Amino acid sequence: MLKVLGRANSVNVQKVMWCSAELGLDVERVDIGGAFGGNDTDDYLAQNPNGRIPTLLDGDFVLWESNAIVRYLCEKYGTSPWFPVTLENRGHASQWMDWYIAELHPPMTTLFWQLIRTSPDKRDPAAVNKAIESCSRLWTVLDTHLAKHNYLLGDDLSMADIPVGCSAYRWHSMDFPRPELPALKAWWTRLSDRPLYKTHVMLPLT
Ligand SMILES: N[C@@H](CCC(=O)N[C@@H](CS)C(=O)NCC(=O)O)C(=O)O
């Protein structure tokens with residue numbers, strides 16, 4: 001059985017849990033990180049020297065970095081369309097997954113920490129506004145793409161949708177003025193209709 005080390009309310013753990021569930025994999029998840037701690041022990045650091053979550057254990061094989069884990073699971077256990085068949089589609093899947101981690105994740109993290117993990121009196125309005133501006137610009141890039149496609153690679157849900165899909169729940173659930181992005185909203189609504197997305201991603205924001 002696969003083991004995932006990481007608390008359920010981490011967006012990076014959610015990518016792995018939602019992906020595994022969609023692939024029909026049997027996974028044991030262990031609460032580590034945040035209030036649970038356990039990610040600074042010698043044992044944990046021997047598996048993941050960053051002290052971050054998630055970490056995947058597949059038998060003796062250990063893997064960290066959530067997007068790498070999603071790619072590995074889809075390639076090893078998934079079939080098309082989760083793991084795209086053509087090199088071109090795989091290239092585009094990597095493009096959106098890397099775009100998320102490099103471009104969108106940093107301002108989304110600022111927004112999340114400011115609006116969810118910081119009390120109103122301690123928030124930094126300039127940081128909030130800057131993050132909203134960056135996120136709005138980036139989600140608009142995706143909205144423009146989704147105006148012509150049901151999912152990131154076209155007609156079918158694939159590994160490309162997993163990282164941005166998890167982040168889209170946060171974008172639509174936090175309380176702040178959002179720009180109207182109808183294609184993005186329609187795509188996110190399609191994800192929200194999936195029972196496994198509800199179970200693994202649509203959890204209380206804490
Ligand atoms: N690039 C890493 C980032 C991992 C990361 O920053 N995880 C956060 C949770 S989302 C973490 O470990 N935080 C420390 C903690 O939860 O104690 C990945 O995608 O796996």
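Is D98 buried, partly exposed or exposed? With a relative accessibility of 40%, D98 counts as partly exposed. Here buried means under 20% relative accessible area, exposed means over 50%, and partly exposed is what lies in between, with a 1.4 Å probe and protein chains only. The structure is a predicted model, in which local features need pLDDT of at least 70 and side-chain atom pairs count only at pLDDT 80 or more, while totals for chains, interfaces and linings use all residues. Residues are numbered from 1 along each chain as its sequence is written, and side-chain values use heavy atoms, with hydrogens and water left out.

Side chains of opposite charge can pair when their charged atoms come close. The structure holds 4 salt bridges, a salt bridge being a side-chain nitrogen of Lys or Arg within 4 Å of a carboxyl oxygen of Asp or Glu. One of them joins D98 to R71, with the closest N and O atoms 2.8 Å apart. This pair links distant parts of the chain, since D98 belongs to helix α4 (residues 87-116) and R71 to helix α3, 27 residues apart. Helices (H or I, at least four residues) and strands (E, at least two) are DSSP runs, numbered from the N terminus. R71 is partly exposed, at a relative accessible area of 23%.

Helix α3 takes part in another such pair. D58 forms a salt bridge with K76, and their closest N and O atoms are 3.0 Å apart. D58 lies in strand β3 (residues 55-58) and K76 in helix α3 (residues 66-77), so the pair ties together parts that are 18 residues apart in sequence. D58 is buried, with a relative accessible area of 13%, whereas K76 is partly exposed at 47%. A further salt bridge is made by the side chains of R29 and D31, at 2.6 Å from N to O. R29 counts as partly exposed at 30% relative accessibility, and D31 is partly exposed with a relative accessible area of 34%.

Strand β2 (residues 27-30) also contains E28. E28 is partly exposed, its relative accessible area being 37%. The C-alpha atoms of E28 and L2 are separated by 6.3 Å, although the two residues are 26 residues apart along the chain.

Attention now turns to the ligand. The residues that surround the ligand include R7, S10, N12, I53, P54, E65 and I101, where a residue is near a molecule if one of its heavy atoms lies within 4 Å of it. An oxygen atom of the ligand is 3.4 Å from an N or O atom in the side chain of N12. For I53, a backbone N or O atom lies 2.8 Å from an oxygen atom of the ligand. A nitrogen atom of the ligand is 2.8 Å from an N or O atom in the side chain of E65. On its own the ligand has 510 Å² of accessible area, and the protein covers 77% of that area; such areas come from the Shrake-Rupley method with a 1.4 Å probe.

Most residues other than glycine have a negative phi, and most peptide bonds are trans. E65 has a positive phi of about 85° although it is not a glycine. E65 is located in the loop between β4 (61-64) and α3, and at 46% relative accessibility E65 counts as partly exposed. I53 and P54 are joined by a cis peptide bond, with omega about 5°. P54 lies in the loop between α2 (42-47) and β3. The peptide bond from S80 to P81 is likewise cis, with omega near 5°, and P81 is found in the loop between α3 and α4.

V128 counts as buried at 10% relative accessibility. From C-alpha to C-alpha, V128 and T110 are 7.3 Å apart in space, while 18 residues separate them in sequence. Helix α5 also holds C135, which is buried with a relative accessible area of 0%. The C-alpha atoms of C135 and H149 are separated by 21 Å, and these two residues are 14 residues apart along the chain.

Technical notes:
Polar contact = N/O pair within 3.5 Å; in protein donor to acceptor, adjacent residues only side chain to side chain.
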